[in-house]
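Here are some notes to read beside the model, written for someone who is meeting it for the first time. Please keep the structure open and find each residue as it is named.

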Amino acid sequence: MQRRTRGINTGLLLLLSQVFQIGINNIPPVTLATLAVNVWFFLNPWKPLYHSCISVEKCYQQKDWQRLLLSPLHHGDDWHLYFNMVSMLWKGVKLERRLGSRWFAYVIATFSLLTGVVYLLLQFTVAELMNQPDFKRNCAVGFSGVLFALKVLSNHYCPGGFVNILGFPVPNRFACWAELVAIHFCTPGTSFAGHLAGILVGLMYTQGPLKKIMDTCAGIFISHAAPSGQQNHFYNAGPSGHQNHYADGRPVIYDANYRNYDVYTAGLSEEEQLERALRASIWDRGNTRNGPMPYGFRLPPEEEMRRQRLHRFDGQ
C-alpha cells in the first residue's frame, strides 16, 4: 500500500463539504461507508492504478483476478472521485432508504463484482468479433459502472417523470441509455463498455434472474447462520430487521435501528446531480502508439464553464 502524493485535492474538499452540508447523521450507514472506503483508497491506494485497473489481458490472460475487487475502489484523481461519489450520495440515500441497509450493502457488493465481469465479457466479445486485440488491453478503473447499475434500480422504482439530459427532457425509463450516449460523446476517454456493463447488471436485477438468485443465496446463508426461533433476513423492500414467530407460526417483523433519512437537503436535484455526474466515468487506459494514455479524470476545455458550475454548486 502506498500513500498518494500530498497536494491540494479540490475535488476531495468539495466532496467533504457536501457530506457535512447534508449532515453525516442524514446519510444512511452503507452509503456513508461506501463513500469512506472510496476516499480511503484514494488517499491510500492499495496498488498503483496500472495494477488496479481491469482489462481482459490483465484479469483473464494473466489471471490477476484481484483487479475485479480493486478497480471499482480506485479513482484516477480527486475530480474523478468527487463526481462519482456525489452521484453515489444521491443514489445511495434514495435506494438504501427503500431497500434497507443490509440488502443495499448486498446489492453494492454484488454489483461491484458483476460489473467487472460483464465489462470483461463485453471487451472480449468486441475484440473477437472485430478482430481488434487492443480491446483486450483497455484498462478501466472507477465506481461509475456500479453507479449506472444503481441508476437502473432507481429508475425501476421511480419509473415516471422526466430528467433533463443536455437540455432535453428524457423519460426516466430511458435515462440510463441517454446518459450512456451523452457521456460517451461529451467526455472522450470514458469507458463505454464499463458504463454499459453497469446498465446490463442493473437490468439483470430488475428484469432478469439476478434478484431471485440473490434472494436464494441470502436465504441459504441465513438458514445456516440464524439461531432457532429467530430468523434474521435481508429485507429488500424496506429497513433491515428480524422476524420472530407467534406460537401459531404467524410472523412478526420488527425494524432494527431504522432511522429517518428523509432529511436530505443538499440542494441536489436529479438534474443537477446529472449535470455534475456527466463527467464521472470509468476511464479507459488503452495502449496507444504515441505513448501511454493518462489515467483518471480530465477536465474539459471549457474550464470557465466548469468554474461557473462549481460556483453555482457551492452557493446552493
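Predicted model: local features only at pLDDT ≥ 70, side-chain atom pairs only at ≥ 80, totals over all residues.

1. In general terms, a disulfide is a covalent bond between the sulfur atoms of two cysteines. Here the sulfur atoms of Cys-53 and Cys-139 are 1.9 Å apart, and a search of the whole structure finds 1 disulfide.

2. Which parts does this pair tie together? Cys-53 lies in the loop between helix 2 and helix 3 (56-61), whereas Cys-139 belongs to strand 1 (residues 139-141), so the bond ties together parts that are 86 residues apart in sequence.

3. Are the cysteines buried or exposed, if one takes under 20% relative accessible area as the cut-off for buried? Cys-53 counts as buried because its relative accessibility is 1%, and Cys-139 is buried as well, at 3%. Cys-176 is also buried, with a relative accessible area of 4%, but Cys-186, at 43% relative accessibility, counts as partly exposed.

4. Lys-136 lies in the loop between helix 6 and strand 1, and this lysine counts as buried because its relative accessibility is 14%. Leaving aside residues up to four places away in sequence, Lys-136 touches Ser-55, Val-56, Glu-57, Gln-61, Phe-124, Ala-127 and Glu-128.

5. Two packed helices are described by the angle between their axes and the distance between the axes. For helix 2 (residues 29-43) and helix 6 (residues 101-130), the axes come within 9 Å and cross at roughly 35°. On the side of helix 2 the contact is made by Pro-29, Val-30, Thr-31 and Thr-34, and on the side of helix 6 by Ser-101, Phe-104, Ala-105 and Ile-108. Sorted by class, the residues of this contact are 5 nonpolar and 3 polar, with no charged residue among them.

6. Rolling a probe the size of a water molecule over the atoms shows where empty space is left. The second largest pocket has a volume of about 230 Å³, and of the 15 residues that line this pocket, Leu-73, Ile-108, Ala-109, Ser-112 and Phe-143 are the closest to its centre. Helix 2, helix 4 (67-70) and helix 6 are the elements that give two or more residues to the lining. By class, the lining of the second largest pocket holds 12 nonpolar and 3 polar residues, and no charged ones.

Note on methods
Residues numbered from 1 in each chain as written. Heavy atoms only, no water. Axes fitted to C-alpha atoms, helices over the stretch in contact; angles between N-to-C directions. Helix = DSSP H or I, 4+ residues; strand = E, 2+ residues; numbered from the N terminus. Contact = heavy atoms within 4.5 Å. Nonpolar A, V, L, I, M, F, W, Y, C, P; charged D, E, K, R; others polar. 1 Å grid on protein atoms, 1.4 Å probe; cavity = no way out; pocket = protein on both sides within 12 Å on 5 of 7 lines; lining within 4 Å. Points joined across faces, edges and corners; volume = space filled by probe spheres on them. Disulfide = S-S within 2.5 Å. Buried < 20%, exposed > 50% of the residue type's maximum accessible area, 1.4 Å probe, protein only.
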